[in-house]
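Please keep the sequence and the structure in view while reading.

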Amino acid sequence: MGSSSKIQNKLIVAFLLVSLIPLTFIGLYGINSTTGVLEKVAISHAKDDVLAKADAITAFLDNVDSDVLFLSRSHPLTNLFEAMDRGDKEETTHWRADLEHQFLAFSQNKKIYYQIRYIDAKGQEIVRVDSDGNMPRIIPSEDLQYKGDQYYFTETMKLSQDTIYVSPLSLNKEVDPPTIEIPFKPVIRYAIPLFDSMNNRRGIIVTTIFADTFLLPLEESSDPAHPSSTHRMYFLVDQEGDYLVNHNETKKWGGPSDLNTGENLKKDYPRFSSQFLSGDSGLITELPDEILVYYPIFPKIEDKDNFWVMVSTLPKNVVFAAVSSFKFAFGVIFLIAMVLIVCLARVIARRITKPIIGLTHATEKMKGGDLTVQLPVESNDEVGLLTNSFNTMAKDLEESYADIKHKAGQIALMRDIDRAILSTMHIDKIISAILDNINKVIPSDTAHVLLLDEDTKELYVVGFFSKGKSEIGRGFRVSSEQVSRCPVLADNKSLLCRDLTKENPCSACIFSSKNTGDGGRSALIVPMIEGETAVGLLHIGSYSHDAFKKEHIPIAHELANQTAVALKNARLLEELERRHRELEKAYEDLKDLDRLKSDIISNVGHELRTPITIMASALELLGEEEDEETRTELLNLSLKALYRQNMIVEDLLAAVDIRKKEVKLNLEPVDLVPAITLVKAELKPVANRKGVKLTARFEEGLPSVGLDFTHLLHILRNLIHNAIKFSKEGGEVIIEAKTLDDALEVCVKDEGIGLSEEMIGHIFEPLYQGDPTSTRSYEGTGMGLAIVKGLVEAHGGRITVESRAGEGSKFCFTIPIKKEP
C-alpha cells in the first residue's frame with residue numbers, strides 16, 4: 001500500500017471515531033459552564049456577607065445621626081434657652097433637670113451611648129449623662145468640665161443649623177493631660193450645633209458612642225478561635241489605611257493619632273492599597289491563596305469624602321470548596337464513562353489529525369503575521385513531506401520579512417525625520433515628529449529625549465512618548481551626580497538592558513522600573529552625538545522582558561544622530577532669531593533715545609533761555625533804575641528766574657539718573673511735617689503773588705520714615721509748585737499727610753483747571769504737557785511729574801492722581817514704613 005492508502009485508512013478510522021468528539025466537547029462545556037456559575041455564586045456569597053456587615057454598621061451609625069438630630073430639637077432644651085435668656089434661675093434649674101432626665105431616659109433606652117452632653121457656646125458642660133452600657137448616671141454640676149478647647153467642640157461650632165459633625169474613630173483621650181485611656185476605649189462622637197429661636201448659637205449636643213458596640217461583632221467574626229469565623233478575617237481601616245479592627249492585637253489602632261505603631265493596610269497590601277482606599281467597593285482575586293472583598297462605610301451618609309473600609313479575607317479553598325467538589329465528582333463520572341473509548345480514539349485520532357491540525361493552525365498564524373511557526377515532522381507520508389516543505393517556506397519567509405521590515409523601518413525613519421527637518425526648524429515640532437515615529441520602527445512602550453545642560457551638567461527631558469501618544473515638556477531633570485554615573489554618556493556607546501528587574505547597569509538609572517514604578521522591564525539607551533561629544537540621550541523602554549534585539553541598536557543610533565543634527569540646526573536658528581530680535585530692540589531703543597533727545601532739546605531749550613533772558617533784562621534795568629521799590633521788584637524778578645532755572649537743572653539731572661536707573665538714595669529717618677513746612681515756606685511767595693492760599697494738615701503722631709531728604713524736597717516742590725501754577729486766582733492748595741496701612745501718604749490737592757481722562761493716562765510720561773494750546777500759558781519742561789514718579793518708586797512707593805477737567809486735581813504718593821526687625 002502506498003502513502004495515499006495510509007492516509008485513507010487513517011481517515012476511515014477517524015471517521016468512525018468522530019462521533020466521540022461532540023460528546024467530549026459537550027462534557028467539557030458543561031463542566032466549564034457549571035464551574036463558572038458555582039464560582040460566581042461563591043464569590044457573590046462572600047461579597048453579600050461583607051455587604052451585610054457593612055450595611056449593619058451603616059444603619060447603626062445612621063440611627064446615631066437621627067438620635068443626635070432628635071436630641072437637638074428637644075422641648076426641654078428650647079425651654080432652657082428661653083429661661084436662661086430671661087435670667088430666671090428657678091426656671092433654668094427646672095428645665096436643666098428636665099433635660100438631664102431626658103438624656104438619662106434616652107441613654108437607658110438606647111444602651112449604646114458612652115456619654116450624652118449639652119455644652120454651651122462658651123465650651124462649658126451644662127448637662128452630661130455618662131454610661132458604662134448598663135447603668136447611665138447624671139453627672140453633678142461640680143464635676144462638669146470645660147470643653148471649649150476640644151476639637152469636636154470647635155469644629156461643630158463652625159457648622160450651620162442641623163449639620164452634624166462626625167469625629168474620627170479613635171481611642172479616647174479626653175482626659176487631662178490628653179493620654180490614651182487604659183483599658184482602650186475606642187469612641188466616635190456625633191455632635192450638632194444648637195440655635196435658639198433668634199438663630200443665635202447656644203452651644204452643641206455631643207454624643208459619644210463606645211465603638212466596641214459595633215466593632216466587637218467584626219472582631220469575633222475575625223477570630224480564628226471563634227466557632228463562627230469559618231476562616232474568614234475582617235479588617236476595618238480608616239481613610240489613611242490605619243487598622244481599626246484586626247484579629248492581630250498588635251496592629252489595631254496603629255494610626256498616628258492613636259498608638260502610632262506604623263502598622264497599616266498599605267504596608268500589608270501595598271499592591272492593592274489604592275483600590276481599598278478609593279472609596280469604592282470591589283473584589284480582588286489575583287492573590288494565589290485568598291480572596292479580598294472590600295466595601296466602604298460612610299459614618300455620615302451624605303459626606304462621601306470621609307469613610308472607613310471593611311476588608312474581608314477568605315481562603316480560596318474555602319470559597320471554592322463546592323466548585324472543587326463538583327469538578328472532582330463530574331470528572332470521575334465522565335472519566336469512567338469515556339476512559340476505554342477515549343484512550344483508543346485519542347491514540348488513533350492524534351496520529352491521523354495532529355499533522356493536519358498543526359498545518360491548519362500554523363497557516364492561520366502565518367496569516368496573522370507570525371512567521372516564526374515551525375511544525376514537528378512525525379511521518380514519512382504525504383503529510384510529513386508537506387510539513388517539511390511548510391517549515392522550510394516559513395523559515396524563508398521569516399528571514400525575508402525581517403530583512404524587509406528592517407530596511408523599510410530605516411527608510412521610513414529617515415524619510416519622516418528628513419520631512420520634519422525640512423518642514424520646520426522648531427525644536428518642539430522636530431522632537432514631536434521623532435517621538436511619533438519611534439514606535440513604528442522599534443516596537444516600544446515608552447521613549448524619552450533628554451538633552452545635556454552644558455552649564456549644570458544635568459539632563460532634562462524635552463519630550464517623551466508613553467501610552468500611545470507623545471508630549472513635549474521641559475520639567476523633569478536628572479541631577480549631575482546621576483549623569484556622571486551613566487555609562488552611555490561616559491563611553492558614548494549604546495546600552496541594551498534585557499531585564500530591568502535584575503541587577504544591571506540600568507538599575508541605577510532614573511528610568512528603571514524600581515525608580516519610576518511604571519512597569520518598565522527592558523530598555524535600549526543610545527547617546528545623541530554632535531561631532532564627538534554626547535549632547536543627550538534617547539531612552540526607549542518596554543513593559544516586556546527582552547523586548548529589544550541587537551538589530552534595533554543601529555536603527556536607534558541612526559535615529560539619535562538625526563535627532564542631534566536636527567536639534568543643533570534648530571538651536572542655531574533660534575540663536576540667530578534671538579540675536580535678530582535683540583538687534584531690532586536695540587535699534588528701536590536707539591530711535592526712542594534719539595527722539596527723547598530731540599524732545600528734551602526742543603522743550604528744555606526754550607525753558608532754559610526764558611529765565612536767562614528775564615535775569616539779563618532785569619539786571620540790566622537794575623543798573624539804571626534809581627527807585628528803590630522798582631529795584632526791589634527787579635531783584636525779586638531775577639531771583640524768581642534763577643529759582644526757575646535751578647528747578648529745571650535739578651529736573652534734568654534727576655531725569656538722567658532715573659533714565660539710567662542710577663537713582664542714589666541717602667536714606668535717613670525723616671519727619672514729614674518739617675519737610676512739608678519748609679517747602680510750603682519756600683513756595684509761599686509764589687502762591688501769594690498768584691493769590692493762592694497754602695494749607696497744610698497733618699495727622700497727629702506721624703512716625704519718621706526712611707527717606708532721601710533731598711529727593712523728598714524735590715518731590716514736594718514739584719507737586720506743590722504745579723498745584724500753585726495750575727490754580728485759579730483766589731484758590732486754595734491743601735497739603736495733607738497721614739498714615740495709610742503700612743505706609744505714609746502725602747496728598748496735594750488744588751482747585752485748578754483739572755485734567756481730562758485722556759491726560760490722566762499720559763500725565764506721568766516724560767515731556768508730556770497736556771493740551772498743546774495751553775503749553776505756553778503754563779511754563780514747564782514736561783519732566784516734573786515723570787521725575788516725581790521715578791523718585792517715589794525708587795523709595796518703594798507709588799503715586800496716583802484723581803482729577804476732573806475744570807474741578808482741580810489731587811496727587812497722592814505713598815512711602816512704605818519699614819518697621820524695625
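This is a predicted model: local features need pLDDT of at least 70, side-chain atom pairs count only at pLDDT 80 or more; totals for chains, interfaces and linings use all residues.

How many of the 8 residues of strand β12 (residues 308-315) are buried? The count is 7, and strand β12 is thus described as mostly covered.

**Overall make-up**

- The protein contains 21 helices and 26 strands.
- Of its 821 residues, 42% are buried.
- When contacts between residues at least 6 apart in sequence are considered, 61% of them join residues at least 24 apart.
- The protein has an accessible surface of about 45600 Å², and carbon and sulfur atoms account for 56% of that area.

**Strand β12 and its partners**

- Strand β11 (residues 290-297) pairs with β12 in the antiparallel sense, over 8 bridges.
- Within β12, Val309 is the residue that stands opposite Pro296.
- Strand β8 (residues 233-237) also pairs with β12 in the antiparallel sense, here over 5 bridges.
- Met233 has Thr313 of β12 as its bridge partner.

**The nonpolar cores**

- The largest nonpolar core comprises 55 residues.
- The residues with the most contacts inside this core are Phe103, Tyr118, Tyr190, Phe214, Leu236, Trp308 and Met310.
- Helix α2 (residues 20-72) supplies the largest share of the core, namely 11 residues.
- Leaving aside residues up to four places away in sequence, Phe214 touches Ile57, Phe60, Leu61, Ile188, Ile209 and Trp308.

- Ile21, Phe25 and Leu28 make a nonpolar surface patch of about 300 Å².
- Ile21, one of these residues, lies in helix α2.
- Why is Ile21 classed as partly exposed? Its relative accessible area is 43%, and the partly exposed class lies between the limits of 20% for buried and 50% for exposed residues.

- Strand β12 has antiparallel pairings with β11 and with β8, and 7 of its 8 residues are buried.

How values were computed. Residues are numbered from 1 along each chain as its sequence is written. Side-chain values use heavy atoms; hydrogens and water are left out. A nonpolar core is a set of buried Ala, Val, Leu, Ile, Met, Phe, Trp, Tyr and Cys residues joined through side-chain atoms within 4.5 Å. Buried means under 20% relative accessible area, exposed over 50%, partly exposed in between (1.4 Å probe, protein chains only). Helices (H or I, at least four residues) and strands (E, at least two) are DSSP runs, numbered from the N terminus. Contact means heavy atoms within 4.5 Å. Two strands pair if DSSP finds at least two bridges between them. Patches are made of residues with over 30% relative accessible area and no salt bridge: like charges are joined within 9 Å, nonpolar side chains (Val, Leu, Ile, Met, Phe, Trp, Tyr) within 5 Å. Accessible areas come from the Shrake-Rupley method with a 1.4 Å probe; for residues, only the protein chains shown count as cover. A salt bridge is a side-chain nitrogen of Lys or Arg within 4 Å of a carboxyl oxygen of Asp or Glu.
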